[in-house]
Amino acid sequence: MCGIFCSLHVGCCGDTDNIHCGPNKTGFHELCERLKVANAARGPDAQGTYHVRVQGTCSGEVAQASSPSETCGPALDLEFFASELRLRGDTPIVQPHQQDGDVFCWNGEVFEGLNVNAYENDGAKLFQSIHTLSVMDDLPFLLGRIEGPYAFVYYHAESRKLYFARDPLGRRSLLIHKPSVFNPYFLLASVSVGDDQGYVMEELSTDGIFCLDVGRLCESKEVTQHFDSSLTCIPRHVDRQILPFAKLSRVNTTLPPDAPPLVPSLDSAVLPRDLAIAIDHLIDHLDKSVMLRVQNIPRRTSSEKGRAQVAVLFSGGIDSTILAFLAHRHIPLDEPIDLLNVAFQNPRKIQVQTDGNIGAIPKREKKRQLKAAEINGAMKEHTSYMVPDRVTGLQEVEEFKRICPGRIWNFVEVDVPYEESQAARAAVEAIMLPGRTVMDLSLAMALYFASKGVGRVRISAAPNNYQPYTSTARVLLNGLGSDELLGGYGRHRTAYAIRGWQGVIDELQLELDRIPTRNLGRDDRVISSHGKETRHPFLSLTVVSFLAGLPVHLKLDPRLELGLGDKMLLRLAARKVGLLEASVRKKKAMQFGSHSARMEAGEAEKRGDLMIRTIPEP
């Protein structure tokens with residue numbers, strides 16, 4: 001995991017001492033420094049900066065400036081900054097990578113497609129692979145053969161072109177600001193500093209590999225006016241080429257038989273043969289995906305021996321439970337696994353618990369009563385962190401103790417007082433930008449505190465027998481993707497009720513199409529703000545391809561009740577590996593399971609898609 005920052009702006013001819021020369025140079029310089037600080041938090045192990053000046057000549061020839069006295073044409077200054085969270089290889093790495101004028105900033109992990117030994121750094125190895133390409137036109141062929149989350153920036157000195165992209169699923173954040181009249185410079189960053197007049201940040205599209213012709217832009221003498229014509233999007237997929245990781249697979253459109261056999265229960269002794277095979281293959285694919293994401297994580301110091309290197313964002317639901325169980329298979333038994341379970345003090349929920357359901361009274365009166373109760377201190381007297389995810393999390397730990405003997409499971413209870421969550425709100429809003437909705441905030445708050453990993457663990461079965469605990473794990477497993485790929489949402493049942501199996505197929509394809517534009521960039525920005533990395537085993541492109549290719553009726557069955565028909569294939573797989581209790585748990589959205597949503601009096605009616613800036617203060 002790394003933080004990336006890259007800027008391009010008009011420089012001053014012959015002035016190498018002041019690289020920030022130009023209009024409003026002080027404001028631009030201050031903005032760049034703040035962005036570098038924000039992106040440094042993502043990679044606390046090392047940071048580095050590298051500058052490149054691109055300049056035309058008096059004769060109109062396009063050339064790299066070797067000395068300011070030799071050139072008098074327009075100049076563009078590029079700054080590259082990268083921070084490093086060392087999770088691969090034995091040797092400390094300082095970015096940006098540089099060789100022969102080429103510059104590479106890498107934020108990602110290569111899990112398949114590139115031969116990286118345990119002692120090697122994947123970013124350094126990938127840089128050499130790109131640097132030795134005979135032509136940069138081969139870049140899509142190289143990237144289409146590697147699997148893993150990534151965002152990168154690569155400057156090719158010979159062609160004076162800047163390449164940048166995210167992986168096809170958008171599992172790593174990269175934000176872009178295009179030059180405008182008021183802010184005539186170009187920015188790329190893993191994370192912003194929140195709302196600022198100095199930029200308009202957007203998520204970089206995952207549609208292709210972007211190429212900015214810096215040399216052409218330099219000769220145009222007008223960055224803002226000619227930027228779009230200097231920027232091209234190179235397709236990831238090349239016809240007639242086998243590139244397994246160049247694009248997302250399409251959902252299998254084969255309709256099931258008129259009446260596919262029903263699975264009466266998860267304990268069915270006899271299953272249809274194709275379903276039994278699919279269960280085994282899912283376990284195999286998911287097991288390998290988890291293995292690749294938990295092995296060969298370097299320790300920072302010898303004092304960390306015996307402490308957890310891997311944590312799971314853990315609710316006790318089926319997704320996080322099966323990931324924790326599979327991680328147990330591949331992590332040494334003498335190494336604990338941290339289970340991060342977050343719960344929020346929620347004034348609105350607490351008031352309902354103390355006064356009963358007052359939902360039937362008028363909204364204005366309900367809001368008045370809730371506010372009065374808060375003022376009177378009722379919420380503090382009745383604080384409880386036994387939210388739904390805490391209850392299921394504690395239940396699942398007991399199941400782990402039975403089926404995973406010898407493993408230490410650190411069930412980390414991350415309790416977030418109301419005052420603490422509100423104090424962090426401004427910081428979370430800044431990190432999650434350009435996400436701005438109510439749902440963005442409630443999910444980001446849950447991830448922010450869970451990934452921070454500061455809480456307590458029980459040291460005995462006696463009541464209130466805890467000790468403070470801070471997780472040292474810098475790799476966090478996340479179950480995101482399971483619902484989208486296996487049909488875990490209520491809308492999949494609705495689609496079946498309206499249009500049958502064809503409706504379900506269409507909805508699953510929409511889910512897959514939306515993954516790159518929904519939560520992944522935001523989640524990456526939030527979790528990485530603590531110098532930690534989230535990894536998504538369900539979103540390995542190998543797993544995605546396998547699940548997308550299965551006939552729909554092997555993944556879910558909307559004819560069956562909740563807790564059986566939704567994500568049926570995963571439930572049967574969990575049952576087969578021994579996770580009996582987890583296999584029947586019903587879905588609970590993270591923001592509701594942790595009580596991070598709708599904290600204020602009167603918020604029960606607010607939709608998740610409302611913009612947070614439009615919400616009046618209570």
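1. A salt bridge here is a side-chain nitrogen of Lys or Arg within 4 Å of a carboxyl oxygen of Asp or Glu. The model is predicted. It holds 47 salt bridges.

2. Aspartate 513 and arginine 250 meet the definition: their side chains form a salt bridge at 3.7 Å, N to O. Aspartate 513 sits in helix 15 (residues 490–514), whereas arginine 250 sits in the loop between strand 13 (231–235) and helix 6 (273–294), so the pair ties together parts that are 263 residues apart in sequence. Aspartate 513 is partly exposed, at 40% relative accessibility. Arginine 250 is exposed, at 57% relative accessible area.

3. Helix 15 also holds arginine 514 and glutamate 511, three residues apart, about one helical turn. Their side chains form a salt bridge at 3.5 Å, N to O. Glutamate 511 is buried, at 0%.

4. Helix 1 (residues 25–40) contains glutamate 33 and lysine 36, again three residues apart, about one turn of the helix. The two form a salt bridge, with the closest N and O atoms 2.9 Å apart. Lysine 36 has 12% relative accessibility; the cut-off for buried is under 20%, so lysine 36 counts as buried. Glutamate 33 is partly exposed, with a relative accessible area of 31%.

5. Salt bridges also link residues into a network. Its members are Arg42, Arg88, Glu109, Asp122, Arg172, Asp524, Glu533 and Arg535.

Methods: Residues are numbered from 1 along each chain as its sequence is written. This is a predicted model: local features need pLDDT of at least 70, side-chain atom pairs count only at pLDDT 80 or more; totals for chains, interfaces and linings use all residues. Side-chain values use heavy atoms; hydrogens and water are left out. Helices (H or I, at least four residues) and strands (E, at least two) are DSSP runs, numbered from the N terminus. Buried means under 20% relative accessible area, exposed over 50%, partly exposed in between (1.4 Å probe, protein chains only).
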